[in-house]
Amino acid sequence: MKTFDAIIIGAGQAGPPLAGRFNDAGKTVAIIERKHVGGTCVNTGCKPTKTLVASAYAAHVARRGSDYGVVLDSSVKIDMPAVMRRSHKVTLDSRHGNESWLEGMPNCTLIRGHARFEDKNTIRVGDELLTAPQIFLNVGGRAAIPDFPGVGDVPYMTNSDIVLLDRVPKHLVIIGGSYIGLEFAQIYRRFGAEVTVVEKGPRLVGREDEEISQAIREILEAEGIHIRTGAECIRFRKHEDGVAVGVDCTEGAPEVIGSDVLLAVGRRPNTDDLGLDKAGVELDAKGYIKVGDDLSTNVPGIWAMGDCNGRGAFTHTAYNDFEIIAANLFDGENRKVSDRLVGYALYIDPPLGRIGMTEAEARKSGRKVLVGRQSMARVGRAVEKGETQGLMKFVADADTHEILGAAILGTGGDESIHGVLDMMNARATYDTLRWAVPIHPTVSEFWPTVVLGMKPV
């Protein structure tokens, strides 16, 4: 039996920095990883996908060269093995950097293997037993596989598979019209594939306001991506040309024939094979670890961070989980998950940056709501770049002038949204924008215009 001051299971975005805090405090810590250091973000999420987004964007801009007075002597071609080599290098550089960091900590032991609880203080990794008074779970999640008829009879990919694909599919059928599915839809359309997105719901990215969803659809359809919403009965069968996907949508053919299928219908936590029952750790109905506002579980001495706790599904929320736990344990603070404002982005091109409430959520809360909108076609920076698709939208409380949320779907939206995030964290009202002198030409300079045009809804 090996004894440590702390044990961390999972080396995703929260585990390694927490190991660093224990190490710096002179405490011994074991961090256990059964596959790749870096978790989803580094290996199958942010790093590889956003690298592919960049390659796809380069191809798209090259094809539009004549719009900018740039003439190419030949058509744009995609060297998919080269695209993948670049993506793999970005992933491996990040993974190896994390590994070197952990291995260089004098008080940290990096252990490879599958961790399982023996009891609330004891972890088994193979034939080895480890114990610590404090245990932190950072085990992440994986793609959910839906129980659609025939899904087990046909080949399919998840996000973990498609980031390793070194060819361009003839016709990629994507099941799921939300964030992951739409990013890959545009990536592979720009690489030259025919792409069809199949969504069970009535519209894409259903958590967004309807006008944002519609604008996203228009952006993707303008690039030749086929969108099939209202797919009531999704099913699969083998076909001589690949896979036949039954959709039964309200419009269009009842079946789509694809060479390849990507399943992108959500995620599930990696909590089913940790022996959590032996530790007495409670899960919710979907398998997420139940945590309090300080990220502690129902078992004293055990915490859960990142995707596995159901309190966030992003790299930045996982890292913030680390920050909350570290501040409370080492710095004498009393930080809470409920205090954070969660922003996120959809990395299609142009990207969507989102923070806070949608208009629908704000109205449902019972507040008197003000809404301001601006088409990106009226934003000088977008016009100058020749990227005028999308819109920006602000939602505020009519009585207090508090900014409740914002969506910026347009060029630079994923960066510009941080200014709104900062204002909301500072509890500044939208009146502050009236006195701002933003830089010209930028996307953000139109915020005062949106605010001044706010109307009650």
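**Exercise 1.** Work out which residues lie nearest the centre of the second largest pocket.

*Solution.* Start with the term: a pocket is an open set of points on a 1 Å grid over the protein atoms alone, where a 1.4 Å probe fits, with protein on both sides within 12 Å along at least five of seven lines, and lining residues have an atom within 4 Å of a point. Next, look at the lining: 14 residues make it up, and Val-53, Tyr-347, Ile-348, Asp-349 and Pro-351 lie nearest the centre. Then sort by class: you get eight nonpolar, two polar and four charged residues. Finally, check the helices (DSSP runs of H or I, at least four residues): H3 (46-63) gives the most to this lining, with four residues.

A quick note on the model: it's predicted, so local features need pLDDT of at least 70 and side-chain atom pairs 80 or more, while totals for chains, interfaces and linings use all residues. Residues are numbered from 1 along each chain, and side-chain values use heavy atoms, without hydrogens and water.

**Exercise 2.** Decide whether His-440 is buried or exposed.

*Solution.* First, find His-440 in the loop between H13 (431-434) and H14 (447-452). Now recall the cut-offs: buried is under 20% relative accessible area, exposed over 50%, partly exposed in between (1.4 Å probe, protein chains only). His-440 has 57% relative accessibility, so it counts as exposed. The unreviewed UniProt entry annotates His-440 as "active site".

**Exercise 3.** Find how many residues of helix H1 are buried.

*Solution.* Go through residues 15-24: eight of the 10 are buried, among them Leu-18 and Phe-22. Just after H1, Gly-26 takes a positive phi of about 80°.

Conventions. Helix = DSSP H or I, 4+ residues; strand = E, 2+ residues; numbered from the N terminus. Nonpolar A, V, L, I, M, F, W, Y, C, P; charged D, E, K, R; others polar. UniProt positions renumbered as here; feature names shortened; annotations may be inferred.
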